[in-house]
Amino acid sequence: MSLTDRAREAITARLRHLQTVRDRVTIDSDTHPSSPALYSDALRRRLAEDPNYFHGRPISGDELLRDMDHSGVDMALCWQNPAVTTYVNDQHENFAILRAVNAGIAELARQHPTRVIPAGWTDPKALGEEGAADMVRICVEEWGFPVVKLNPAQNEYPIDSPVVVHMVDRIVALGAIPAFHFGADTEFTPAEGLRAVAMRHPDWPVIGIHMGGGGPAFVAAESLYLAARTLGLTCPNIFFIESAKRDTHIESDLITYRAAGLPFAHNIAVGSDAPYGRVSWNFGGYRAMFGRLRDGATHGDPRLADKPGLFDEAAVQDFMGRNMADLIIRADQGLLSRS
């Protein structure tokens with residue numbers, strides 16, 4: 001692997017910063033800012049004419065940073081918003097479209113290196129296998145992204161299909177971390193599919209965003225919520241991001257993994273899924289939830305009955321920032337060591 005000078009400098013600076021702040025940083029681990037310059041004419045019209053459009057309604061990097069400031073959030077893991085990215089019937093043009101939005105994330109991180117953790121996005125269906133693999137290379141080698149995401153649900157391909165396995169191998173070979181939308185909103189991301197991907201490289205982390213949530217109806221999602229909770233306890237290299245998921249299940253996940261001890265208690269982080277969720281709403285809720293758990297309000301949960309100190313300050317810091325910081329630190333060290 002050959003990192004550009006710009007990528008190496010960005011990785012080195014980010015690594016140094018995260019190592020310094022890991023014990024106090026608050027990180028929103030799932031955000032989708034967009035560059036307004038890349039909005040389509042149709043999206044601009046809709047934003048101007050439809051005040052009730054919120055599902056996928058974009059936020060700019062500046063808007064995200066303001067929300068973070070209002071919410072006491074120091075940093076955010078950022079990837080593109082697929083609702084803003086409109087593909088066409090041409091893989092080469094789709095490559096240019098996705099490169100532009102990934103470049104927007106890289107630029108946001110360049111402008112705000114202590115606030116933004118950039119993550120890339122690739123799509124083997126829209127770009128073709130060769131184009132998707134090259135997008136991975138660009139994200140890692142040219143921009144220094146520690147994470148590259150695929151969205152089998154939005155882009156409609158099975159999470160454990162051969163082309164996805166190729167992308168995972170490519171991402172890991174470069175030292176970055178593969179990430180997946182992992183939710184019950186489509187049939188493309190079952191628990192056994194994420195398991196197959198994770199076991200491809202059992203000693204390297206794989207991120208499952210939403211931990212079985214991601215937009216389905218609550219009752220329909222119940223089975224994957226439970227399967228995801230069990231899956232992570234049998235595959236210790238799966239790192240989950242809690243977002244776009246019913247709050248009671250998020251709490252139950254955190255209790256389960258904290259009670260399970262290490263490494264599982266270090267395998268979950270929290271996020272907002274902005275703009276699909278509000279940073280302020282989510283982080284206000286997380287703080288209130290952790291405060292209640294720390295004060296011993298268990299609602300009769302037997303997992304907490306004999307563990308009054310389970311959610312001490314160190315545990316809360318793990319979930320609110322340190323777990324994600326350490327994951328990115330590991331990736332950054334991997335990127336530098338393999339270059």
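Is Phe 319 buried or exposed? At 1% relative accessibility, Phe 319 counts as buried. Bear in mind that this is a predicted model.

**Aromatic rings**
- Searching the whole structure turns up six aromatic pairs.
- One of them is a stacked pair made by Phe 290 and Phe 319, with 5.9 Å centre to centre and 5° between the planes.
- That pair ties together distant parts of the chain, since Phe 290 belongs to helix 11 and Phe 319 to helix 12 (residues 313-338), 29 residues apart.
- Phe 319 also pairs with Phe 311, this time tilted, at 6.2 Å centre to centre and 35° between the planes.
- Put together, ring pairs join Phe 290, Phe 311 and Phe 319 into a cluster.
- Phe 290 counts as buried because its relative accessibility is 2%, and Phe 311 counts as buried at 2% too.

**The largest pocket**
- The largest pocket holds about 880 Å³ of space.
- Its lining takes in 36 residues, with Ser 243, Ala 244, Lys 245, Asp 273 and Tyr 276 nearest the centre.
- Helix 11 gives the largest share, five residues.
- Sorted by class, the lining has 14 nonpolar, 15 polar and seven charged residues.

**Charges over rings**
- Lys 149 has its charged end over the ring of Trp 79, 4.5 Å from the ring's centre.
- Arg 338 has its charged end over the ring of Trp 204, 5.1 Å from that ring's centre.

How values were computed: Residues numbered from 1 in each chain as written. Predicted model: local features only at pLDDT ≥ 70, side-chain atom pairs only at ≥ 80, totals over all residues. Heavy atoms only, no water. 1 Å grid on protein atoms, 1.4 Å probe; cavity = no way out; pocket = protein on both sides within 12 Å on 5 of 7 lines; lining within 4 Å. Points joined across faces, edges and corners; volume = space filled by probe spheres on them. Helix = DSSP H or I, 4+ residues; strand = E, 2+ residues; numbered from the N terminus. Nonpolar A, V, L, I, M, F, W, Y, C, P; charged D, E, K, R; others polar. Phe/Tyr/Trp six-rings, centres within 6.5 Å; stacked < 30°, edge-to-face > 60°. Buried < 20%, exposed > 50% of the residue type's maximum accessible area, 1.4 Å probe, protein only. Lys NZ or Arg CZ within 6 Å of the ring centre and 35° of its normal.
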